[in-house]
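Let's take a friendly walk through a protein fold, one piece at a time. Have the picture ready and follow along.

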Amino acid sequence: MAGKCWPAAAWKAGKSWPFQTNVNWNNHSLIFIPTPVSYTFTRSERLKSRKLIETLFREGKAFVVSPYRVLFMVTPLPAGNSPVQAGFSASSRSFAKATERNRIKRLKREAYGLQKHLLYQALSSIGKQLAVFFIYTEKKIKSCNSKKNK
């Protein structure tokens, strides 16, 4: 069971609860608090294998959702811990300065990290692993709000 159990009396009258609860505060019962979703992008989630990247570009399927081109392939991954390994890139032709390319990749990793739990749930229900690569295709940097909605 993911989460921790805490005595209800330790949390005074529902201060800053992350969710709605129905707790009898006169009774010192135990309540369930779910652990938060991890929004990090760990080493095991990064797509680093040169062979796997080459196979992904050669044999993977692709689709475009502006401003991204997404390549993906269902495959057994070498790390085994993570159901998805992801890679990110931005064109040096569109963004000559490395600082601009790095900013785009950093923003894309952040947006991915905020939404990856949905993808993990879908993949764990069907028991598959996925390699995915996101390519930023626009000529200018779009706002973070539009990236999150994609």
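## The sheet

Start with the open sheet of four strands, whose order is 3-4-6-5 and whose pairing is mixed. Strands here are DSSP runs of E with at least two residues, helices are runs of H or I with at least four, and both are numbered from the N terminus. Two strands pair if DSSP finds at least two bridges between them. Strand 3 and strand 5 are at the edges with a single partner strand each, so one side of each has no neighbour in the sheet. From one strand to the next, the twist averages 20 degrees.

This is a predicted model, in which local features need pLDDT of at least 70 and side-chain atom pairs count only at pLDDT 80 or more, while totals for chains, interfaces and linings use all residues. Residues are numbered from 1 along each chain as its sequence is written, and side-chain values use heavy atoms, leaving out hydrogens and water.

Strand 3 (residues 61-65) pairs with strand 4 (residues 68-74) in the antiparallel sense over five bridges, and the two form a hairpin with two residues between them. Strand 4 also pairs with strand 6 (residues 130-136), antiparallel over seven bridges.

Which residues stand across from Arg 69? In strand 3, Val 64 is opposite Arg 69, and in strand 6 the bridge partner is Ile 135. Val 70 has Phe 134 as its bridge partner in strand 6.

## Helices on the sheet

Helix 1 (residues 50-59) lies across strand 3, strand 4, strand 5 and strand 6, at about 105 degrees to strand 4. Helix 2 packs on the sheet and touches strand 4, strand 5 and strand 6, with its direction at about 155 degrees to that of strand 5. Axes are lines fitted to C-alpha atoms, for helices over the stretch in contact (heavy atoms within 4.5 Å), and angles run from 0 to 180 degrees between N-to-C directions.

A nonpolar core is a set of buried Ala, Val, Leu, Ile, Met, Phe, Trp, Tyr and Cys residues joined through side-chain atoms within 4.5 Å. The largest has 16 residues; among those touching the most other members are Val 84, Phe 88 and Tyr 112. A second, separate core of nine residues includes Leu 52, Leu 56, Met 73 and Phe 133.

Is Phe 133 buried or exposed? Phe 133 counts as buried because its relative accessibility is 10%, and buried means under 20% relative accessible area, exposed over 50%, partly exposed in between (1.4 Å probe, protein chains only). Phe 133 touches residues including Leu 47, Leu 56 and Phe 88.

Technical notes
Lists of a residue's contacts leave out its neighbours within four places in sequence.
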